[in-house]
Structure formats: structure tokens, C-alpha cells
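Please walk through the model below, from the whole chain down to single residues.

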Amino acid sequence: MSHSATPGTAARTAPSPTTDDIAEPFDQASKAAKQAGVSKADKRALEKASNGSTLRTRLKRDRTLVLMTLPAVLLVLVFNYVPILGNVVAFQEYDPYISDNGFIAIFHSPWVGLEQFSRIFEDSAFWDAVQNTFVLFSLQLLLFFPVPIMLALLINSVIRPRVRAVSQAILYLPHFFSWVLVITVFQQIFGGAGIIAQTLRQHGYEGFDLMTDPGIFKFLVTAEGVWKDAGWGVIVFLAALASVSPDLYEASAMDGAGRWRRMWHVTLPALRPVIALLLVLRVGDALTVGFEQILLQRDAAGPGAAEVLDTFVWWNGVRNQDFSYAAAAGLVKGVVSLGLVLAANKVAHLMGEQGVYKK
């Protein structure tokens with residue numbers, strides 16, 4: 001015989017609301033009211049006080065890590081920031097032989113104001129170096145930057161882990177080669193005495209020497225950069241791809257999206273923040289297109305094709321001992337690079353990405 005549950009029994013079995021359940025909506029409402037009632041000035045003061053206490057707490061908590069990073073910070077300060085003070089010689093007629101100490105000579109060198117900058121802007125060799133620099137940067141941006149992305153997408157599509165690991169190791173290996181070794185390899189392949197030229201001569205054709213051809217020098221430099229550093233970019237983009245949830249691919253596949261549509265609507269949007277960040281950094285490094293790489297090939301291709309801003313500064317400062325003129329050229333390069341970083345970061349913000357720093 002079945003017994004139906006009485007209302008009293010049902011009331012006893014139902015869970016009674018706790019004090020926290022009742023108080024939670026009122027707490028949320030009071031918090032919202034407090035936030036709405038606090039002025040912006042008071043909120044800034046509260047945030048400042050909380051940030052100060054938080055900073056002290058973090059320093060106390062992470063004092064061991066801070067001590068570990070101090071040597072690296074000191075190295076950056078000594079070798080990156082302290083030399084910035086030496087840019088003062090760009091406004092002088094600096095003569096290091098006035099004193100036995102080159103640093104003391106700065107205080108005894110005569111001031112010339114903006115005379116060095118006037119010389120720069122009237123020097124046709126400087127503008128040729130600027131043109132070569134921007135042409136090389138444009139080629140590297142168009143030909144070199146997309147290559148790691150395509151290689152990362154290709155490797156990420158490989159199913160077998162062993163094949164992926166071997167492919168990634170082969171691509172990453174040239175990153176450890178010095179530029180001397182990289183240029184030697186290209187010389188043995190594309191030089192006048194290289195494998196291709198010798199093979200052509202053996203079969204009755206005229207050989208060639210791409211390493212000394214000024215017209216193809218910019219493409220040669222870009223190819224060397226792709227071969228050497230594409231593997232490093234592949235690692236960065238593969239790390240970004242590893243953070244993409246497999247559920248997104250499964251959901252898009254269930255919706256009927258093919259491989260290409262999944263790559264376009266899932267993979268590339270996941271890579272967009274990394275692409276924006278690396279693009280900003282690349283634009284900031286636009287005027288530094290590989291000093292050592294180009295200096296090693298400058299004499300072979302000729303200054304007309306191989307002179308860039310870094311080699312221009314080195315040639316005038318180190319070889320010609322015109323330190324003030326070289327410092328002025330380097331200062332112009334630094335200011336333009338800073339402007340390019342700010343402009344590229346603004347573009348990243350317009351794209352909805354963070355870039356190097358937030359708004």
C-alpha cells in the first residue's frame with residue numbers, strides 16, 4: 001500500500017535557504033551601489049593605496065626572484081641605457097684625443113648644436129642607406145614574416161608526433177649557425193665557384209655569381225634570413241597553436257567546416273594576437289636589418305646596394321673616426337624607430353589587439 005507524501009513531509013525534505021544564500025544578492029547590490037557612489041578621484045586614491053600595499057607585499061613575497069633578476073637588470077642598464085648618455089656627442093665636435101680618457105674628452109669637446117644633423121640631411125650617402133634599409137625591411141616583411149606562419153600551420157597539421165618533432169628540429173637548427181657560416185653555405189651554393197655555377201660550366205653553360213650581384217643582393221639577404229631564423233618563428237607560432245582548444249575544431253567540423261575554413265575561422269584568429277605583437281616588434285626593428293650579415297657582404301655587393309643605416313654608422317664612426325657624425329645618424333635612426341613602434345602599436349590597438357603595451 002503506497003503512502004502519498006504529506007505537505008509537511010515535503011516541506012521538511014526541501015533544503016532550507018541558508019543565510020549566505022539570502023545575503024548574497026544584498027551583498028552584490030550593496031557593492032554595486034558603493035561602486036556607483038564612489039567618485040573617480042576616490043577610486044583612484046583607493047587604487048593607489050591598494051597598489052602600494054600590493055607592491056610591498058609582492059616585493060616581500062618575491063624577494064628571492066627579485067634578487068635573481070638584479071644581475072640581468074644591471075647588465076641591461078650598463079650596456080643598453082647608460083650608453084644612451086653618449087648621444088650627447090651628436091651635438092658636439094667630439095675629439096677623443098683631447099684627453100687621455102675618452103669619457104673626459106666629452107666635457108672638453110666643443111658644442112656645435114645641430115650642425116651634425118645638417119650634414120646628415122645633406123649627405124646623399126645617408127639617404128641611399130635609408131632607401132636600402134627600407135627596401136630590405138619591406139622585402140623581409142613581405143617574404144620573411146609570413147613564412148614561419150605557413151610552416152607552423154603545416155607542421156601543426158601533421159598527425160604523427162615523431163614527424164612533427166623531426167621537422168621542427170630541422171627547421172630550428174640553422175638558428176644556431178653564425179652569420180659567417182650561413183654566408184659561407186650560400187657562397188658554396190650560389191657563388192661564382194659554387195656548386196650550381198660549376199655544374200653549369202661542366203655542361204657548357206655560362207656560370208654566374210649571385211653573391212656579388214648588386215641587383216639581386218636584397219633578395220639574397222632575405223633568403224639568408226628566412227633560412228636562418230624561420231625555425232625560431234615556427235616555435236613561437238606553434239606555442240600559440242597549442243593553446244587553441246580542440247573543442248573549437250570539433251564544433252566547426254560538426255557545423256560542416258572543411259580544413260581550410262577551420263584554419264581561416266579558428267586557427268588564424270587564435271594566432272592574431274601573436275602576429276600583431278611580433279609585427280609591432282618587427283616594425284620597431286625595421287631600421288636594423290642585420291648589421292653583421294650585411295657587413296660581411298658589403299664589399300662583395302658594393303656600398304650602393306649593401307649600405308644600410310647600421311653599416312653607415314659603423315663606417316663613419318669606426319672606420320672614419322667621425323664619431324659625432326655617426327652618433328647623429330644613430331640618433332636619427334633611434335627616433336624614427338620609436339615612431340614606427342608607436343605607429344605600429346596604434347594599428348594593433350585599432351585591430352583590437354594589445355600590442356606591446358595596453359591603451
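**From the whole chain to single residues**

Among contacts in the protein chain between residues at least 6 apart in sequence, 64% join residues at least 24 apart. The model is a predicted one. Its protein chain holds 18 helices and zero strands. Of the 359 residues in the chain, 28% count as buried. The accessible surface of the protein chain amounts to about 23,500 Å², and carbon and sulfur atoms account for 65% of that area.

One pair of helices can be taken as an example of the packing. Two packed helices are described by the angle between their axes and the distance between the axes. For helix α9 (residues 161-172) and helix α12 (residues 217-242), the angle is about 140 degrees and the axes are 7 Å apart. That makes α9 oblique to α12, because an angle has to be over 145 degrees to count as roughly antiparallel. On the α9 side, the residues that meet α12 are Gln 168, Leu 171 and Tyr 172. Their counterparts in α12 are Gly 231, Trp 232, Val 234, Ile 235 and Leu 238.

The next stop is a loop residue. Leu 287 is placed in the loop between α14 (259-284) and α15 (291-301). Is Leu 287 buried or exposed? With a relative accessible area of 2%, Leu 287 is buried, since the cut-off for buried is under 20%. Leaving aside residues up to four places away in sequence, Leu 287 touches Thr 133, Phe 134, Leu 309, Asp 310, Lys 333, Val 336 and Ser 337. One of these, Val 336, is 49 residues from Leu 287 in sequence, while the C-alpha to C-alpha distance between the two is 8.4 Å.

Another loop residue has a backbone feature to note. Gln 321 lies in the loop between α17 (309-319) and α18 (323-350). The phi angle of Gln 321 is near 60 degrees, a positive value in a residue other than glycine. Gln 321 counts as partly exposed because its relative accessibility is 38%, which falls between the limits of 20% and 50%.

The last stop is on the surface. Which residues form a nonpolar patch there? The patch consists of Val 73, Leu 74, Leu 75, Val 76, Leu 77, Val 78, Phe 79, Tyr 81 and Ile 84. Together these residues have about 870 Å² of accessible area. One of them, Leu 75, has its place in helix α4 (residues 63-81).

Terms used: Residues are numbered from 1 along each chain as its sequence is written. This is a predicted model: local features need pLDDT of at least 70, side-chain atom pairs count only at pLDDT 80 or more; totals for chains, interfaces and linings use all residues. Side-chain values use heavy atoms; hydrogens and water are left out. Patches are made of residues with over 30% relative accessible area and no salt bridge: like charges are joined within 9 Å, nonpolar side chains (Val, Leu, Ile, Met, Phe, Trp, Tyr) within 5 Å. Accessible areas come from the Shrake-Rupley method with a 1.4 Å probe; for residues, only the protein chains shown count as cover. A salt bridge is a side-chain nitrogen of Lys or Arg within 4 Å of a carboxyl oxygen of Asp or Glu. Helices (H or I, at least four residues) and strands (E, at least two) are DSSP runs, numbered from the N terminus. Buried means under 20% relative accessible area, exposed over 50%, partly exposed in between (1.4 Å probe, protein chains only). Contact means heavy atoms within 4.5 Å. Axes are lines fitted to C-alpha atoms, for helices over the stretch in contact, and angles run from 0 to 180 degrees between N-to-C directions. Angles under 35 degrees count as roughly parallel, over 145 as roughly antiparallel, 65 to 115 as roughly perpendicular and the rest as oblique.
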